[in-house]
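Open the model in your viewer and follow the stops below. Each one says what to select and what is there.

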Amino acid sequence: MQTKKLTTLACAAAFAMLSGAASAQISGNTVKVGVLTDMSGTYSDLAGAGAVLATQMAIDDFIAEAKPEFKVEMVSADHQNKADIASNKAREWFEREGVDAATELVTTSTALAVMKVAKEMNRITLMSGPGSTPITNEQCTDLAVHYTYDTYALANGTAKAVTQQGGDTWYFLTADYAFGQALERDSSAVVTANGGKVLGSVRHPFPASDFSSFLLQAQASGAKIIGLANAGADTTNAIKQAAEFGVTPKQALAGLLMFISDVHSLGLQSTQGMYLTTGFYWDLNDETRAWSKRFFDKHKRMPTMVQAGQYSSVMHYLRAVKAAGTDEAGKVMAQMKATPINDFFAKNGRIRDDGRMIHDMYLAQVKKPDESKYPWDYYHIRQTIPADEAFLPLAQSKCPLVKK
Amino acid sequence: MEIFGVPSALLGSQLLVGLINGSFYAILSLGLAIIFGLLNIINFTHGAQYMMGAFVAWIALNKLGINYWVALLFAPIVIGALGVVIERTMLRKLYKLDHLYGLLLTFGLALIFEGIFRDQYGISGQSYPVPELLQGGVNLGFMFLPIYRGWVVVAALTVCFATWFIIEKTKLGAYLRAGTENPQIVQALGINVPLLITFTYGFGVALAAFAGVLAAPIYQVSPLMGSNLIIVVFAVVVIGGMGSIMGSILTGIGLGLIEGLTRVFYPEASAVVVFVIMVIVLLVRPAGLFGKA
């Protein structure tokens with residue numbers, strides 16, 4: 001009797017220790033994902049509340065699918081597109097709230113600031129919203145993933161296609177900050193490489209609302225194509241006013257970074273025929289439609305590529321945590337890099353040494369109003385740009401982590 | 001022909017564009033100047049009221065089927081009435097206190113209004129079409145002028161000068177001006193000063209809403225359209241001299257032109273030039289160009 005009791009106790013103790021050992025690998029037995037995004041400013045439609053929703057969907061789906069023994073929680077905050085607010089918030093999360101990964105981070109300056117803090121504290125950053133290439137070049141870290149798109153991929157898609165189709169003289173309207181300049185630089189290189197010529201550029205303050213002066217300068221240049229190296233409200237206002245001043249349709253506009261939220265807000269009348277490069281389109285296939293409809297039911301808007309990428313990146317992260325059995329940043333990142341990404345967002349996507357997630361990109365053309373058959377039916381997908389061609393080749397990377 | 005290396009056609013077109021923007025500055029700074037002159041309130045809600053004017057026009061068109069021309073009258077009345085409510089229920093209690101309280105209240109209201117519209121409509125904004133009668137443009141030789149922009153200049157300047165005329169040249173205007181100088185005596189003469197003040201605030205706000213309707217077909221109608229503009233407009237009022245009616249009109253137009261020229265010669269500085277001028281003016285003439293020291 002005594003022995004039996006002892007055995008039971010010993011077994012129970014051993015069992016307790018075993019399960020204890022397993023969960024000790026996850027700090028606090030909780031994986032905490034932080035969404036740091038623009039909740040109220042220029043980029044809040046393309047990221048913002050939609051990105052928070054996408055994260056919650058990823059967490060719910062992960063719990064339903066993997067039934068993990070650890071808890072998964074989400075926190076979110078508004079970084080107001082300011083680097084100092086972003087890095088302070090991230091530090092607070094990492095130090096006091098046990099956040100394991102800071103995610104989304106639209107606006108390059110906030111992303112770069114948080115990447116540094118995360119590296120210092122040995123945590124992960126997953127970036128879906130920001131666009132500049134320095135994230136995976138000069139400023140790359142081994143704990144950061146740049147997920148959805150970047151300025152190289154945009155230029156490589158849109159500028160190449162437009163130049164090859166005869167739009168061989170360009171004039172740039174550039175937002176005067178890091179992202180705009182990066183986009184102009186990358187696009188100019190692509191235009192020149194494809195036999196085109198850049199006639200000039202004008203740098204407008206960010207943000208600006210009246211573009212008439214800049215558009216008149218672009219008009220006077222006589223360039224066939226006016227490249228809009230800006231984003232958000234700047235792009236939409238520039239497009240609207242270009243039509244007003246008779247710039248279009250004599251000269252064509254190329255929106256170098258346009259989201260479906262921009263097209264939706266401007267309407268097809270003023271955007272028809274424009275080329276754009278995107279990492280995701282909701283109406284691509286059954287899988288994208290199924291996920292997007294779920295998103296739409298909750299958000300009343302179709303997802304932008306940033307929001308779709310956000311879901312995919314968080315899901316990939318959580319699966320990696322489960323597979324690695326730990327939330328220690330280095331081990332999780334090794335697992336993430338070792339596992340290909342196959343979901344509605346990416347097919348055979350993979351994360352390179354520089355932190356760039358490479359996946360197929362799409363060259364889209366905005367439909368004419370009479371070609372759009374149902375709500376949010378906005379794009380013709382003209383070309384799929386294979387993952388290996390879409391992004392900056394590793395051979396040209398300036399990231400010190402890349403072994404050459 | 002070239003002037004300082006810039007083709008004269010481009011220079012001419014930039015001056016015209018400057019004039020267009022200047023008329024927006026003029027009509028917005030005029031409303032601010034009237035409110036400050038008569039109420040001693042720095043109306044930080046002005047940008048939000050401009051934005052709401054544009055939104056009322058958009059909602060009127062899309063939900064109620066009210067066209068642009070009616071909206072030009074309808075939106076200022078709706079937003080002006082809202083202004084009257086704000087004055088009667090909130091601002092009224094602050095006249096005897098320091099300026100700062102009025103500033104804080106109106107700034108807080110602006111944030112609330114912007115937040116409500118952001119929550120309802122998102123940030124990317126809505127498109128408002130140019131009314132049919134004003135579509136298209138004319139080729140002036142040196143530039144293509146959209147008819148609508150020409151209309152904006154005419155409409156804005158007409159309203160500005162009509163306002164100036166009412167305040168400076170009519171009996172009603174005389175009451176208003178007297179009311180600001182010495183409310184007790186004016187009240188003793190049998191004029192209802194509180195009503196006059198309410199009406200003035202409502203009118204200043206209605207001017208902002210009118211500018212909002214004018215702006216709707218040009219810019220995306222978005223919750224932040226006012227906050228982008230309002231800082232520049234405040235600088236215009238400061239440069240012109242707080243409370244000076246003609247000062248705010250002329251400064252508005254003048255600064256629009258200067259900004260237009262900056263966009264040709266050094267576009268990167270075009271967002272700053274107004275503030276540089278403000279600093280210089282404040283150093284040389286602290287009361288502003290047209291203000292009474």
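Start with chain A as a whole. Among its contacts between residues at least 6 apart in sequence, 73% join residues at least 24 apart; two residues are in contact if their C-beta atoms, placed from the backbone, lie within 7 Å. This is a predicted model, where local features need pLDDT of at least 70, side-chain atom pairs count only at pLDDT 80 or more, and totals for chains, interfaces and linings use all residues. Residues are numbered from 1 along each chain as its sequence is written, while chains are lettered from A and ligands numbered from 1 in the order in which they are written.

Color by secondary structure. Chain A has 14 helices and 14 strands (DSSP runs numbered from the N terminus: helices are H or I, at least four residues; strands are E, at least two).

Next, select the five-strand open sheet of chain A. Its order is β2-β1-β3-β4-β5, with parallel pairing (strands pair if DSSP finds at least two bridges between them). At the edges lie β2 (71-78) and β5 (144-146) of chain A, each pairing on one side only.

Zoom in on β3 (residues 101-104) and β4 (residues 124-127) of chain A. They pair in the parallel sense over four bridges. Here A102(A) stands opposite T125(A) in β4(A).

Finally, show chain B. The contact takes 31 residues from chain A and 30 residues from chain B. On the chain A side, β7 (197-204), α7 (212-221), α8 (232-244) and α9 (260-266) each supply at least two residues.
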